[in-house]
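Let's take a walk through this model, one piece at a time. Keep the 3D view open while you read.

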2 protein chains.
Amino acid sequence: MADKRLLILITNDDGVQAPGLRSLAECAAGKGDIVVVAPERPQSGMSSAITVGQALKVNAHPDMGSARVFSVTGTPTDCVKLAMHTILPRRPDLILSGVNHGSNAGTSITYSGTMGAVMEGCMAGIPSVGFSLLHHSLKADFSLSAPLVSGIIDTVIAHGLPDFVALNVNIPALIAPKGAKTCRAAHGYWTDEYQRYLDPSGDPFYWLTGKFVNSEPEATDTDEYWLAQGYASVVPCTPDQTAATQIASMAPLFDR
Amino acid sequence: MADKRLLILITNDDGVQAPGLRSLAECAAGKGDIVVVAPERPQSGMSSAITVGQALKVNAHPDMGSARVFSVTGTPTDCVKLAMHTILPRRPDLILSGVNHGSNAGTSITYSGTMGAVMEGCMAGIPSVGFSLLHHSLKADFSLSAPLVSGIIDTVIAHGLPDFVALNVNIPALIAPKGAKTCRAAHGYWTDEYQRYLDPSGDPFYWLTGKFVNSEPEATDTDEYWLAQGYASVVPCTPDQTAATQIASMAPLFDR
């Protein structure tokens with residue numbers, strides 16, 4: 001991809017106002033023509049959701065450096081779809097999503113709007129990378145990881161990505177990462193997921209909370225392991241959820 | 001699983017009022033104690049979205065046969081999480097989602113709230129199956145496929161499912177399926193995805209539409225192929241999106 005002027009689409013799930021989005025646009029600056037198309041409002045936990053049966057609007061915002069900036073009144077996946085349908089002058093060469101405020105390692109990829117946008121780009125045949133910093137605060141310091149983010153972008157520009165493969169990059173917080181490790185996503189689950197309240201009428205309602213539990217704390221080849229060691233994790237991931245190795249063994253049970 | 005009284009959780013993404021939900025509850029009747037926990041409103045296209053930073057409420061509805069019925073003011077994934085956290089008396093033995101009004105074959109699994117609920121159950125270690133009928137109408141006839149749905153439920157009850165593997169079952173419309181075939185999800189994409197309108201002020205807005213294009217029309221091992229032949233497709237699928245075969249070849253590029 002390195003021989004022409006690239007068109008780079010940047011999106012996120014924390015919304016067009018998020019500092020992580022601006023940090024990612026700064027990391028990509030100078031690597032091509034950049035257009036930012038991000039959700040108008042925060043969309044954490046929106047996964048690959050699309051807006052069905054409702055109108056979507058596109059709004060222009062002040063430039064970030066030399067990048068034009070738009071918001072969409074929908075999800076991260078809506079942003080990628082509408083960017084490609086109507087906002088961008090042509091198909092982008094690269095899609096970057098983030099930098100997310102908080103981890104998308106382990107099982108969290110399933111719920112991640114940041115990675116929903118990445119999967120959408122990947123299914124459209126465009127090299128797509130999501131970045132997440134393990135720090136929820138809007139005041140998180142993205143500068144310590146900027147060289148690493150920039151370096152990963154350069155590698156993807158130089159080498160591309162295989163068909164139907166995207167990257168989920170997670171970055172430890174509060175330190176300059178020791179390096180980066182290509183690895184798999186840890187299996188895990190969330191526990192104590194809801195806090196229960198009583199409304200003024202005495203009826204219960206519930207609010208999502210919870211803690212991620214790594215089901216494989218002994219494994220040394222997972223993103224959770226490398227993040228705990230101070231490295232960024234680079235997980236090659238795919239939108240094709242077929243469990244291909246299971247087809248032959250399950251066919252005798254289910255074919256009829 | 002066949003030796004004890006089963007607890008079966010049923011959910012969907014079309015909402016607690018959808019005929020497909022009632023059809024699935026009828027297909028499962030007699031196979032265990034059934035509890036229905038479905039979204040209060042239609043949640044098509046919600047993928048694995050979770051409700052973040054907002055209250056969720058649980059409401060009771062009239063029984064469906066002998067099944068107790070609840071709605072949750074959130075997504076299909078919220079339904080599974082809240083069911084397991086607070087509604088069900090214990091962990092369910094089986095989670096069924098659907099019957100969806102419309103296809104979740106091919107790439108559509110990515111956006112499907114029906115399959116979001118299934119993936120949530122699978123990550124929690126519970127055998128989970130999604131059913132979808134290739135007919136969008138609320139008047140779709142689910143009776144032609146009821147024997148097949150019932151048979152697949154029986155097979156899963158008898159044999160279980162491997163760890164981190166769930167099933168995505170799609171069913172042709174308007175006919176009694178010729179049978180069922182275990183297969184992979186077809187790769188494809190959506191085209192002509194938005195219709196553009198002008199609001200009363202003359203500003204544009206966009207509404208999702210589009211057609212699914214099968215990228216592999218020649219392949220004879222995909223769900224799209226078998227559905228076109230009049231068979232139900234059974235795709236083993238996994239919430240683990242790691243592209244495991246890519247790790248070794250990508251590590252030299254990204255490790256640092």
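## Ground rules

Two strands count as paired if DSSP finds at least two bridges between them. Helices (H or I, at least four residues) and strands (E, at least two) are DSSP runs, numbered from the N terminus.

This is a predicted model, where local features need pLDDT of at least 70, side-chain atom pairs count only at pLDDT 80 or more, and totals for chains, interfaces and linings use all residues. Residues are numbered from 1 along each chain as its sequence is written, while chains are lettered from A and ligands numbered from 1 in the order in which they are written.

## A hairpin in chain B

With that in hand, look at strand 3 and strand 4 of chain B: they form a hairpin with 2 residues between them. In the turn, B:Gly65 has a positive phi of about 60°. Strand 3 (residues 58–64) of chain B pairs with strand 4 of chain B over 5 bridges, in the antiparallel sense. Across from B:Val58 you'll find B:Val72 of strand 4.

Strand 4 (residues 67–72) of chain B also has 5 bridges to strand 2 (residues 33–39) of chain B, and these two run parallel. Here B:Val72 turns up again, as the bridge partner of B:Pro39. In general, strands of a sheet pair through backbone hydrogen bonds, either parallel or antiparallel.

## The sheet in chain A

Over in chain A, 9 strands make an open sheet with mixed pairing, in the order 3-4-2-1-5-6-7-13-8. Strand 3 (58–64) and strand 8 (180–182) of chain A are the edge strands, each pairing on one side only. From one strand to the next, the twist averages 20°. One pair to click on is A:Lys181 with its bridge partner A:Ser233 in strand 13 of chain A.

Helix 1 (residues 19–28) of chain A lies across strands 1, 2, 3, 4, 5 and 6 of chain A, running at about 140° to strand 5 of chain A. Helix 3 (residues 113–123) of chain A packs on the sheet too, touching strand 1, strand 5, strand 6 and strand 7 (166–171) of chain A. The direction of helix 3 of chain A makes about 170° with that of strand 6 of chain A. For these angles, axes are lines fitted to C-alpha atoms (for helices, over the stretch in contact), and angles run from 0 to 180 degrees between N-to-C directions.

## Helix against helix

In chain A, the axes of helix 1 and helix 4 (residues 146–159) come within 9 Å and cross at roughly 55°. Helix 1 and helix 4 of chain A are therefore oblique to each other; angles under 35 degrees count as roughly parallel, over 145 as roughly antiparallel, 65 to 115 as roughly perpendicular and the rest as oblique. The crossing is right-handed, meaning that the near helix is turned clockwise from the far one by less than a right angle. A:Ser23, A:Leu24, A:Cys27 and A:Ala28 of helix 1 meet A:Ala146, A:Val149, A:Ser150 and A:Ile153 of helix 4. By class, that contact has 6 nonpolar, 2 polar and no charged residues. Ala, Val, Leu, Ile, Met, Phe, Trp, Tyr, Cys and Pro count as nonpolar, Asp, Glu, Lys and Arg as charged, and the others, Gly among them, as polar.

In chain B, helix 2 and helix 3 pack at an angle of about 30°, with their axes 7 Å apart. Helix 2 and helix 3 of chain B are therefore roughly parallel to each other, and their crossing is right-handed. Residues in this contact include B:Pro76 and B:Val80 of helix 2 and B:Ala117 and B:Glu120 of helix 3. The contact of helix 2 with helix 3 of chain B has 4 nonpolar, 5 polar and 2 charged residues.

## How the two chains meet

Chain B can be laid on chain A with an RMSD of 0.0 Å, by a turn of 180° and a shift of 0.0 Å along the axis. That is the relation of a two-fold axis. The copies are superposed by least squares on the C-alpha atoms of residues with pLDDT of at least 70 in both.

How many residues of chain B are in contact with chain A? There are 64, facing 64 residues of chain A; contact means that the C-beta atoms, placed from the backbone, lie within 7 Å. Helix 6 of chain B gives the largest share of chain B's side, 5 residues. That side divides into 37 nonpolar, 19 polar and 8 charged residues. Since 100% of the interface residues of chain B are also interface residues in chain A, the copies meet through the same surface.

Conventions. Two residues are in contact if their C-beta atoms, placed from the backbone, lie within 7 Å.
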